[in-house]
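Hi,

Here is the structure I promised to pass along. Have a look at it first, and my notes follow below.

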Protein chains: 2
Amino acid sequence: MKIAIDAMGGDYAPKEIVRGAWEACRETGQQVILVGNRNILENELDQLGGNHAGLEIAHAEEVIAMDEAPAVAVRRKKNSSLVLAAELVRDGHAGALVAAGSTGATMAAALLRWGRIPGIARPAVAGVLPTERGVTILLDVGANVDCKPRHLVQFAIMGSLYANKILGIQCPRVGLLNVGEESTKGNELTQETYPLLQKAPVHFYGNVEGRDIFKGTVDVVVCDGFTGNVVLKTGEGLADVLMNMIGQAIQQSSLAKIGATLTLPALKKLGKKLNYSEYGGAPLLGINGVAIVCHGSSKALAIKNAVYRARESVENGLISAISDSLKNTSLHKVGCADGN
Amino acid sequence: MKIAIDAMGGDYAPKEIVRGAWEACRETGQQVILVGNRNILENELDQLGGNHAGLEIAHAEEVIAMDEAPAVAVRRKKNSSLVLAAELVRDGHAGALVAAGSTGATMAAALLRWGRIPGIARPAVAGVLPTERGVTILLDVGANVDCKPRHLVQFAIMGSLYANKILGIQCPRVGLLNVGEESTKGNELTQETYPLLQKAPVHFYGNVEGRDIFKGTVDVVVCDGFTGNVVLKTGEGLADVLMNMIGQAIQQSSLAKIGATLTLPALKKLGKKLNYSEYGGAPLLGINGVAIVCHGSSKALAIKNAVYRARESVENGLISAISDSLKNTSLHKVGCADGN
């Protein structure tokens, strides 16, 4: 099975996208179709040297920019790298899509070319966040700014399936993001969602608060796409700010500078743990095919890992599992052994 | 003017509350009424030794616990330290209230004993967050989980007044927390709020995203209380987790441990900058009196600074400024020179 990659989307496209695909191919033999301007992509491959067996190029004239209105761009730019990559999947030439450009445009391309999984009301973008204990899946992080309780229930089911089937988490715990732990807390949306999650086929932990997200209290956190997007970006921003401030504080003292040199290897190890690139991007859940969106600032490592997550999602039958979960009316909890 | 403090609320009450009041009194001669169990508070004062001129005790039999339903607790526990402290302000014995117990109960006590400022639809809790550039006021952080656009406009005005009159920020910039910078982005609430903020008497910067909050892109960030509460707690949680992880990473290497000793003074200076205690708690805005809520884990420093912010809020006429702003229909922007 081949993976189609939009080679023109992302802050470091096409160089880092091509390198990520090339590394995935070299490491595991994974076949990849790079979609984009053929001349540019061939040039990038030449610079990498060596053997390019397993890497194909599909030519695309256009590129969708980050600031274009997603649905409009997908409708107008029929020859864009993103749209053609989605069509390669639709037509069976590739098994999954990886993209590092606009998340909105990727969602629009996937929705318009593949459609939703029957029964799914709203597809979601699932953020995979590094936490103190491992990773937590936060969804939705941006596709649906206004949600109904039944949407959050479907997010809980889809998030649990991704946690279980792709990240290997047994009986994933689901938390409802809220302003307090008590079941009576919250806004209209969360108050109405709570009892639905108690009855849903997931391992519902209860309400969780903002501070629980990066502590890793649960495996899956569900919320509307407005809150999720704000949380995701707040976390990114704060981590950047803290690291900058630590760097500046250390630069102001020569003793501290020497000290920092000694702590550097330990901090680098930590940086690796916190690096979202290790987790391979955000899956789009609920659309009728596998798509992974990488952060705009992704380099080769993130692309390579996204290719692996995309392959695992196909091999482990993520789409049919989501589809089946909607038909299954039993109380069996997603990813848990019977009786849990 | 005296400040009334609920001496029994908070994780470190009454010891740290009493010490904070005592330090404020010793440093600046600020008079404080400590409200709580007389025997316990006298004992705490005795342990501090020295002169207690300027510190009074008002006896209260009861204490409102963190997990009590706010409005119910305030109605039932009429002899609680919090309710009696609010009554001291209502009856003119004190000029402002400081509390480190339940934020909800403090809001309820202030609302039930003092009422709202006429014209204010919804009082808000304003978080004062340390950022890369100084501080940012985020409101609402919890009082109103479901908001209307006109509530957010009032939050913008009240936040601007606090930024200008108490934190000394000239012509404070107001951002609307959203999922993108473009004016068309957002959920129903933010899309309807954007044009109202353009016409409001504040220096409206436009939409800001989660990553802008701790960068300090603007001085005041407005959002509904659900999102604000989640952001506040996400920030606290992530900062804790990062610091823990750095500590653990360093402990695992003896070289890193030596290095850390050398960087410690620089990091301590940074810790001071990031310590919310320096900023003196969260003002409750829109109620008809001055109330500052401190974090539950506040120690003496936070209490002392909250006492100072409370005094400044009274001396700088915060309440009448908010009240006047509602009558003023001109386009003069809060805290800005004419013509800005």
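B:Ile33 stands opposite B:Glu56 of strand E3 in chain B. These residues sit in a parallel pair, E2(B) (residues 31-36) with E3(B) (residues 55-59), joined over 5 bridges. Strands pair if DSSP finds at least two bridges between them; helices (H or I, at least four residues) and strands (E, at least two) are DSSP runs, numbered from the N terminus. From E2(B) the chain reaches E3(B) through helix H2(B) (residues 38-48) in a right-handed β-α-β crossover, meaning the path over the helix runs clockwise with the strands pointing away from the viewer.

This is a predicted model: local features need pLDDT of at least 70, side-chain atom pairs count only at pLDDT 80 or more, and totals for chains, interfaces and linings use all residues. Residues are numbered from 1 along each chain as its sequence is written, chains are lettered from A and ligands numbered from 1 in the order written, and side-chain values use heavy atoms, leaving out hydrogens and water.

Now the whole sheet: 11 strands of chain B form an open, mixed sheet in the order E3-E2-E1-E4-E11-E10-E5-E6-E9-E7-E8. Its edge strands, E3 and E8 (203-208) of chain B, each pair on one side only. At the E8 end, E7(B) (residues 173-177) runs parallel to E8(B) over 5 bridges, and B:Arg173 stands opposite B:His203 in E8(B).

Enjoy exploring, and write back with any questions!

Best wishes
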